[in-house]
Amino acid sequence: MNRKIVLIGILTLFIPVGALAQTATQEPPATDLQKQLQEMRLEVIKLQTRLADLEASKPVDGTKAAVAPAPTPDAATIPQGPTSRHVGDATANYETFSEDSVAAARFNNVPLDPKYHGYFRLPGTQTFLKIGGFFKTDFMYDVKRAGNPDEFIPSSIPIPQIQGVRNSNLSIRATRLSLDFRIPSTQLGDVRFYVESDLFGDNSTTPRLRHAYAQVRNVLLGQTWTNFMDPDAAPDTLDFQGPTGYTKVRSPQFRYTFAVAKRTTMAVSVEKPSSDIEFKTPQFSSQPNSPSPDGTVRVRQEFQRGHWQVASLFRSIAAFLPDGRTGSVFGWGVNASGAVRVFGKDNVVVEGTYGHGVSRYIQDAAGLGIDAAVISTANPHLKATPALGAEAGYQHYWNKSLRSNLVYGHAQVQNTGFQPKSTYHKSEYTAANLIWNPFGSLNVGAEFLYGRQVLKSGQTGNAPRIQFSAKYTFVKIDRDKK
């Protein structure tokens, strides 16, 4: 048994060598080499499956068949995965407490970890599965009322503020569970099915679906991060929400991605619309609707020390108007982001969004009903409100187990004359933390947060928060062997 597994492992190691030899003599196109490599990987998986079936049915003591234990899921049973210039080293190894980049769809379904740490082969199949996620506990203390008790959202800071009110909270709602299925195929390339949930449902600990999508080659169907967002530019915070001004939305969508250069891709998507509009008078209610789906286009370039991307958004926003008509307005937005590894393992991430009618996509402004508003009582027409969001973060490693982050976020919406004085205008978010990985996949940290909100009237509110978090990731990976 062991000799057979070693033989298959040697065969797996020599697959790329054979492909390189062929390149030196015949110099076939790169796509042909990739196809041959994929076919060889699939043949190795088939041999491993047959070997496991033979071992399971082998008689013991010459009497009757006995079920043998499944092979250990290591490099001998799961071949090396594909790599690509479209996933650089900095992107593949960027660590955040939230691990949001794990769920992100990649060009050609290339894994961030080509060694497939944590995956195992389902018995009798060619399917790999990784049961991922983490258990997370947050302790939060507010010197004065900060609004949302589980997430730090400056737009929820109450105005006017009541002095002398303190609040503490203990939450496990950020706990997460994911299933990542990968199926090798010679015709389609690797196929991926990804499902993820957390406990931020309607009630205190109700499960909530975060991601559920399938990607075949570069066609994606399902719910995941919007194509207008960059999950690899998220700052490393203990706070579940993340910085004000960051574009962070999960949306049901249809997406197609294609390469335009060796390290550059373009992705287009059609996504679920939602007109985030809410205004009322004694005579009417806005009653928002969505005449057409949102559309996005994104261009992204990867390099070894980071990446940059630019995305555009187009949408139709509609609502009931005071004069009895239903009005609609065109919304658009531009998002630019990037991440760069600067010194050692230190990283800088930046992201900014500007547009008209894009508040739904910007953290802090999302969910407040201000995508669009009536211009004025004298001019009862709908206007897509101009909005700006920006965030930046610096991640510094003191050593391989200890890191710190400084994070800043800003969001601002230009109000109309019709909106009441209590309408949200702008907010700011600041965070500083220290994160320690003492052993295994246990991470603990402390974070100081400060937020400020300004209303249309000019009234302000601010609040600090102290947060302590502990997270244990279900899949333990030795960083030194990664």
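Student: How are residues numbered, and which pLDDT limits apply?
Tutor: Residues are numbered from 1 along each chain as its sequence is written, and side-chain values use heavy atoms, with hydrogens and water left out. Because the model is predicted, totals for chains, interfaces and linings use all residues, whereas local features need pLDDT of at least 70 and side-chain atom pairs count only at pLDDT 80 or more.

Student: How many helices and strands are there in the protein chain?
Tutor: Both are DSSP runs numbered from the N terminus, helices being H or I with at least four residues and strands being E with at least two. On that basis the protein chain has 3 helices and 24 strands.

Student: What percentage of the residues of the protein chain count as buried?
Tutor: A residue is buried under 20% relative accessible area, exposed over 50% and partly exposed in between, with a 1.4 Å probe and protein chains only. Of the 482 residues of the protein chain, the buried share is 49%.

Student: Which strand gives the largest share of the nonpolar patch?
Tutor: Patches are made of residues with over 30% relative accessible area and no salt bridge, like charges being joined within 9 Å and nonpolar side chains (Val, Leu, Ile, Met, Phe, Trp, Tyr) within 5 Å. The nonpolar patch covers about 850 Å² and includes Trp 308, Phe 330 and Leu 388. Strands S15 (306-320) and S16 (326-341) are the elements that give two or more residues to the patch. The largest share, 4 residues, comes from S16.

Student: Which residues have the most contacts inside the largest nonpolar core?
Tutor: A nonpolar core is a set of buried Ala, Val, Leu, Ile, Met, Phe, Trp, Tyr and Cys residues joined through side-chain atoms within 4.5 Å. The largest one has 13 residues, and S15 and strand S21 (402-413) are the elements that give two or more residues to this core. The residues with the most contacts inside the core are Val 413 and Tyr 424.

Student: Why is the pair of Tyr 116 and Tyr 119 edge-to-face?
Tutor: Rings of Phe, Tyr and Trp (its six-membered ring) pair if their centres lie within 6.5 Å, and planes under 30 degrees apart count as stacked, over 60 as edge-to-face and the rest as tilted. Tyr 116 and Tyr 119 are buried, and their ring centres lie 5.2 Å apart. The pair is edge-to-face because the planes stand at 75 degrees.

Student: How far apart in sequence are the parts that Asp 232 and Arg 300 tie together?
Tutor: A salt bridge is a side-chain nitrogen of Lys or Arg within 4 Å of a carboxyl oxygen of Asp or Glu, and the closest N and O atoms of Asp 232 and Arg 300 are 2.8 Å apart. Asp 232 is buried at 4% relative accessibility, and Arg 300 is buried at 9%. Asp 232 lies in the loop between strand S9 (219-225) and strand S10 (250-259) and Arg 300 in strand S14 (residues 294-303), so the pair ties together parts separated in sequence by 68 residues.

How values were computed:
Areas by Shrake-Rupley, 256 points an atom, 1.4 Å probe, with all protein chains shown as cover.
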